[in-house]
Amino acid sequence: MRKAERYNPLVILFQLLKLVRNSVFFVVYLFLIKAGSESSFIVYGRYLFFVALGMSVSSIIAKWLTQKYRLDDRSFHLYKGVFNKSEWTVPFSKIQNINRHTSLFHRLFGVTSVRFETGMEGEGADVSFEVISRHEADRIEAAIAVSQSQALKEVSSAEPVGVGAEEIPSDETESTAQQRTVHFTPTQKDILKASFTSLSFLVLIPVIISVYSKINDVFNIEDKAGGFVQSIWSSKWLFAVIVAAFILASMLLGIARTFLKYGKYEISSDEDHIYIAKGVVDKTTFSIAKERVQAVELQQSVLKRWLGLAEVKLISAGGLKSDKNVGEINSLYPFLPVTRAYDMIAEILPSYELTAEMKRLPVSSLWIRLLRPSWLWVIITAGLYVFQPRFLAWWILSAVLLAIVLIARWLGYLNTRYILHRNFIQMKTGSFATTLFVSRRDKIIEVKVTQSKIQRLFGLATIGTVNRAKPVHRTGVKDVPLKEAQAFYNWYVGRTQEIEIE
Amino acid sequence: MYTQLTPPRERISKDAVKVWLIGETILNAIGFLILAVLFYLDYRYSWKAWAGWILKGSTIILILGSLWTFIHPFFLYKSWRYDVSEEFLQIKSGVLVERHELVPMTKIQSVATKQGPLLRKYGLCSVTLTTMGSSHTIPALPQEIAVQLRSQIVQYAKIKEAES
């Protein structure tokens, strides 16, 4: 067992830089914008700023001096507190996923940052190292992997592991590192498709429009001065060349942006973990034990449906949205070809079985969907009637809105599919963008069937599931036949036969 | 709904109706009081016409709503069923929308009994069960039954699923 250690000293530098970044606004305001001001508000503001800065700096240093961590075979032990000492323990078995983020700062110093997420609430919900040497991060991850796979073995085979606990780690880590298979890295074609789908080539269009209008202003002025410039501008080919150049630049920029974001993507897995790595400058890696995947979602926007692309998302109990500036990384590549997406789910999650055969809704559920009052339409129509827009008669707008609402419902009816397939449930919903949800019975933490009076009239009901996530993930299908809803309820009761009791 | 499960049979205390009625009456009274004050202010300071319309509209909504809150408790009481077994918590409730909920005992994290002043008046308790992501409340049970239920759920919920 090791002694409790301090965090990497670079944490101080990292937090100081963060502090500088956060205080830029105050510096600019107090010392540049209001440079000459003698008003007491500003003068005291400056004093206050220095006091706050001093306190922040000393708290950063004090924190580094007092915060320590220690690992044993099974858990993290964290110590903190300047005046009130506190200590808490986070068992490895509670860790749901691991997020590693290497920003430019980290790369400059050859370090990285790691966050271990437990999916709990409150203090100790995640163990995070803002700066940590790569070697140390690897060591911790390996220790967790070992303890988790050991726990798995203990559960799956009731026999205790025969080998001494100390011998296992080294073997295990080496063997897992070797068996990693890469499932996907985007090709240039994928990136082109991605940049098109994410519409990032449109970024320059607002710029073009504003530049064009500015040029137009200038050109109008010169128009009065003389016809020379106008003759150039009015020549169509020159105008076309300029527009084409802008479009080209815009596309290149879009592709470059997409490349920075999705270029170095890699999805890999070994026997019991999934690894996702992304980013060219800022690198982020995400790893999750396969058994901790609560559900899988396949999302398609309208554009992605046209191009046959899909985004596969893993739902994990530890919050997946990491820091705002780090971005989401629960997604296996967001622009996967659909067939590849299905294959990959089968490859990396062999315990998941996807089936293409799914049930459709009966016609009665189309009727109920069309008949259901649309509050959105009612409220907007009332608003239109009261405020009588000038450009179009209110009833035309209202009719158009009604048509859109009904079309969306009709599409929703067409897109909805569901199936109970052994211990799996698949539900596909959505009118314009669709989501296919797949989960296992033992991962669903509760179910619900609801039936409104009007649904009873049609013999329909709504089914719903809840999965662990942060916040909980709810999914459901509206207006399935009551019989299917009953089957769903009974299907869930069947989970008692397959769960393992601790 | 219940081919493999026995449908939930336990009912909540009949006094729940009174508790709900009193609670709703108090809330409605507060609502009307606020409206009355607003009407007075409208009259006193002659607000714009649309403010008057909004006030009249909300009065109608409040009247309709309060009528509903005087009928609703009776039906809600009639619809409420729950049951606790070694494996599942079952809840059935709802008047206009009937909801059936099924929560595995192994997923329940905590159980609490609560008692506000109204519930205390009738010697009732509410029992709240929390899972990893949601909570379910059985609104009004006689105190002994609530405590008994709480300890029973604690017994059942002690068993935990292997998390892997």
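This is a predicted model: local features need pLDDT of at least 70, side-chain atom pairs count only at pLDDT 80 or more; totals for chains, interfaces and linings use all residues.
**View 1. The pairing of β13 with β14 in chain A.** Strand β13 of chain A, which covers residues 309-316, is joined to β14(A) by 4 bridges, and the two strands run antiparallel.

**View 2. The open sheet of chain A.** Seen as a whole, the sheet is open and consists of 7 strands of chain A in the order β14-β13-β12-β18-β17-β16-β15, with antiparallel pairing. The edges are formed by β14 (331-337) and β15 (359-360) of chain A, and because each of these has a single partner strand, one side of each is left without a neighbour in the sheet.

**View 3. The two assigned domains of chain B.** According to the domain assignment, chain B contains domain 1, with residues 16-76, and domain 2, with residues 83-157. The centres of domain 1 of chain B and domain 2 of chain B, taken over C-alpha atoms, are separated by 31 Å. To the contact, domain 1 of chain B gives 8 residues and domain 2 of chain B gives 7 residues.

**View 4. The side of domain 1 of chain B that touches domain 2 of chain B.** Two or more residues of this side come from each of the elements α1 (16-44) and α2 (49-79) of chain B, and α1(B) provides the largest share, with 5 residues. By residue class, this side of domain 1 of chain B divides into 5 nonpolar, 2 polar and 1 charged.

Conventions:
Residues are numbered from 1 along each chain as its sequence is written. Chains are lettered from A and ligands numbered from 1 in the order in which they are written. Two strands pair if DSSP finds at least two bridges between them. Domain bounds come from an automatic or database domain assignment. Two residues are in contact if their C-beta atoms, placed from the backbone, lie within 7 Å. Ala, Val, Leu, Ile, Met, Phe, Trp, Tyr, Cys and Pro count as nonpolar, Asp, Glu, Lys and Arg as charged, and the others, Gly among them, as polar.
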